[in-house]
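Thank you all for coming; I would like to walk you through one structure. Please have a look at it first, and then I will start with a question.

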Amino acid sequence: MGTAYSQTLAATGDTPITWSIDSGNLPAGLSLESETGVISGTPTTVETASFTVKATNASGSDTKALSIDIVSQPVAPAITTSSLPGGTVGTAYSQTLAA
């Protein structure tokens, strides 16, 4: 989520080839460009979307089941420990850090 996505579908056969979603749905925030076969956009929800794409030319069409997993964006750690207490020579020291 929050990261742009772009993937070009590929098919063999005579051109021009047009693309469509035959069944199911792309993840929220993504769309399919019918002339180029590019799925692009910025996903808006965490989900696994299963769908079938269709490639069509003057000779006919073909379909293919696909899926896209949208995961949440990784969050880097943030250290919340602001300071550490002093230690004493010859005495065991233990302090838990927080993040």
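Predicted model: local features only at pLDDT ≥ 70, side-chain atom pairs only at ≥ 80, totals over all residues.

Does Thr52 count as buried or exposed? At 17% relative accessibility, Thr52 counts as buried, because buried means under 20% relative accessible area, exposed over 50%, and partly exposed in between, with a 1.4 Å probe and protein chains only.

Residues are numbered from 1 along each chain as its sequence is written, and side-chain values use heavy atoms, with hydrogens and water left out.

Thr52 lies in strand β5, residues 47-57, where a strand is a DSSP run of E with at least two residues, numbered from the N terminus. Leaving aside residues up to four places away in sequence, Thr52 touches Ser20, Ile21, Asp22, Ser23, Thr63, Lys64 and Ala65, a contact being heavy atoms within 4.5 Å.

Turning to the sheet, 3 strands form an open one in the order β1-β4-β3, with antiparallel pairing; two strands pair if DSSP finds at least two bridges between them. The edge strands, each pairing on one side only, are β1 (5-8) and β3 (30-32). Between β1 and β4, residues 38-41, there are 4 bridges, and Gln7 has Ile39 in β4 as its bridge partner.

Finally, Tyr93 belongs to the segment after β6 (60-70), and with a relative accessible area of 44% Tyr93 is partly exposed.
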